[in-house]
Amino acid sequence: MEQSKRSMHLQSVIYALIYGATYLPAVWLLKHQVFGQPVSIMIAVVPVITFCIFIYKYIKSFSAMDEVKQRVQLEAVVIGFALTALLLMVMFLLGLCGISNSLWFGYAYLVCYCWLFYFIGWIVSKRKYGV
Amino acid sequence: MKNTIKVERAKKNWTQADLAKEIGISRQGLNSIETGKFIPSTLLALRMAKVFGTTVEVLFQMEGDEDGLGE
């Protein structure tokens, strides 16, 4: 039982890494327009698929966690989501004011900020519950 | 919310790891409950009471005005 829980958790981490490993090269290839449009679309779909698999594995792993770990993950996701939404809102409002820097806050970076905010939430929650 | 998990555990001569295994949670999770940082669900509290052969009321007590009933 304990072994299968650990294996589920490990699987979600592995799929997160696979997602990262497909996302970054895909962004690079699409940014530098190495291939034509049909191939580019196929490349763009790959990280979407790996992300969906990761989310599926993450939810499965979440259901196998004990309630303290579930709370930590839930708070991490809530903090990550709230901070990402806040960033989006600020960027949108600044955009309306004519102040925006797509070099720092473009769509590509938004994913990275989302992950960063999740990890901030994770650390905050872990410290809160002493896990 | 205060609890007597540590006392009950000492009576049985169990480590946190032993109790955690009995009730099916992680040792860190149990430590979080024992130190009062996390309040467990009813199911987990009942499970804990069962392994100690006691009641939830003995294991967990409300402090001050936590009952929310006022004066």
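Reply: From the N terminus on, the elements of chain A run α-α-α-α-α. That makes five helices and zero strands in chain A. The model is a predicted one.

The part to look at belongs to the other chain: helix α3 of chain B, residues 27-34. Which of its residues are buried? They are B:G29, B:L30, B:S32 and B:I33. Viewed down the axis of α3(B), these buried residues fall within an arc of 155°, so they line one face of the helix.

What covers that face comes from both chains. From chain A, the cover of the buried residues includes α3 and α5 (107-129). From chain B, α1 (5-12) and α2 (16-23) are included in the cover as well. After α3(B) comes B:G36, which has a positive phi, near 80°.

Helix α3 of chain A turns up again when the two chains are considered together. Eight residues of chain A are in contact with 12 residues of chain B. Of the chain A side, the largest share, four residues, is supplied by helix α3 (residues 67-96) of chain A. By type, the residues on this side of chain A comprise three nonpolar, one polar and four charged. Residues count here as in contact if their C-beta atoms, placed from the backbone, lie within 7 Å.

Now for chain A itself. Its domain assignment gives domain 1 (1-64) and domain 2 (65-131). The centres of these two domains of chain A, taken over C-alpha atoms, are separated by 19 Å. Where they touch, four residues of domain 1 are in contact with four residues of domain 2. On the domain 1 side, helix α2 (residues 37-64) of chain A gives the largest share, three residues. The residues on that side divide into three nonpolar, one polar and no charged.

A few figures describe chain A as a whole. Along its principal axes, the C-alpha trace of chain A spans about 50 × 35 × 15 Å. Of its 131 residues, 13% count as buried. Among contacts in chain A between residues at least 6 apart in sequence, 77% join residues at least 24 apart.

Terms used: Residues numbered from 1 in each chain as written. Chains lettered and ligands numbered in written order. Predicted model: local features only at pLDDT ≥ 70, side-chain atom pairs only at ≥ 80, totals over all residues. Nonpolar A, V, L, I, M, F, W, Y, C, P; charged D, E, K, R; others polar. Domains from an automatic or database assignment. Buried ≥ 20, exposed ≤ 12 C-beta atoms within 10 Å, placed from the backbone. Arc of directions from axis to C-beta.
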